[in-house]
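Hello,

Here is the structure we spoke of handing over. My notes follow below it.

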Amino acid sequence: VVTTAEQDVTISVNGDLTGEFSLASLGLKLQTYRARLSSVAGGREQLISEIPFRVIDGMAPELAVKSPAANETYRQVVDFEVIASDDISGVASVSYRLDAGDWQLLPFVDLAAGRYAMTWHPALKDNCVHTIVFSVLDHAGNTQLSVPIDFELQMDITPPVTQVDRG
């Protein structure tokens, strides 16, 4: 028995009662349990009904974006970094979508801290404003998206100038 909850009601002979009974699921594992309805009369318990119910994870995981910073300008590489957590069923994966591209997995770098990160090495053709969105998925199928983050890439493509003075 994980927990016991009781509610006393009075039902007249041949009467019926309709209603709900709530049980706090905090601290219960994500699994199937059984609820029993019984009556006690004259010190004897009689089972009336028993039904299964499942405690599920209905909460979205949490996601905090560390990098890139919104409206920042980057000159070379750009770090993509988030902290993801889910205290109920756990984080299954973290992904990102750059501009209108496909979703890509963001690798974890410190699973205990929930840190997922990578460094993007853009090409010169990537000089422009970009939008990135992150997504975290938990083991129960719940997702959380970050707000879209705009950042600009301005890589210096001007060749260096060398001046030699003859003196």
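Which residue in the turn of the E1 and E2 hairpin has a positive phi? Gly 42 does, at about 60 degrees, and two residues lie between the strands.

On provenance: this is a predicted model, in which local features need pLDDT of at least 70 and side-chain atom pairs count only at pLDDT 80 or more, while totals for chains, interfaces and linings use all residues. Residues are numbered from 1 along each chain as its sequence is written, and side-chain values use heavy atoms, with hydrogens and water left out.

Strands (E, at least two residues) are DSSP runs numbered from the N terminus. E1 and E2 run antiparallel and are joined by ten bridges (strands pair if DSSP finds at least two bridges between them). Across them, Arg 36 stands opposite Glu 50 in E2.

Searching the whole structure gives eight aromatic pairs (rings of Phe, Tyr and Trp, the last by its six-membered ring, with centres within 6.5 Å; planes under 30 degrees apart are stacked, over 60 edge-to-face, the rest tilted). One of them, Tyr 33 with Phe 53, is stacked at 5.9 Å centre to centre and 25 degrees between the planes. Tyr 33 is buried at 11% relative accessibility, and Phe 53 partly exposed at 29% (buried is under 20% relative accessible area, exposed over 50%, partly exposed in between; 1.4 Å probe, protein chains only).

Phe 80 and Trp 120 are also stacked, because their centres are 6.0 Å apart and their planes at 25 degrees. Both are buried.

Regards

Notes. Helices (H or I, at least four residues) and strands (E, at least two) are DSSP runs, numbered from the N terminus.
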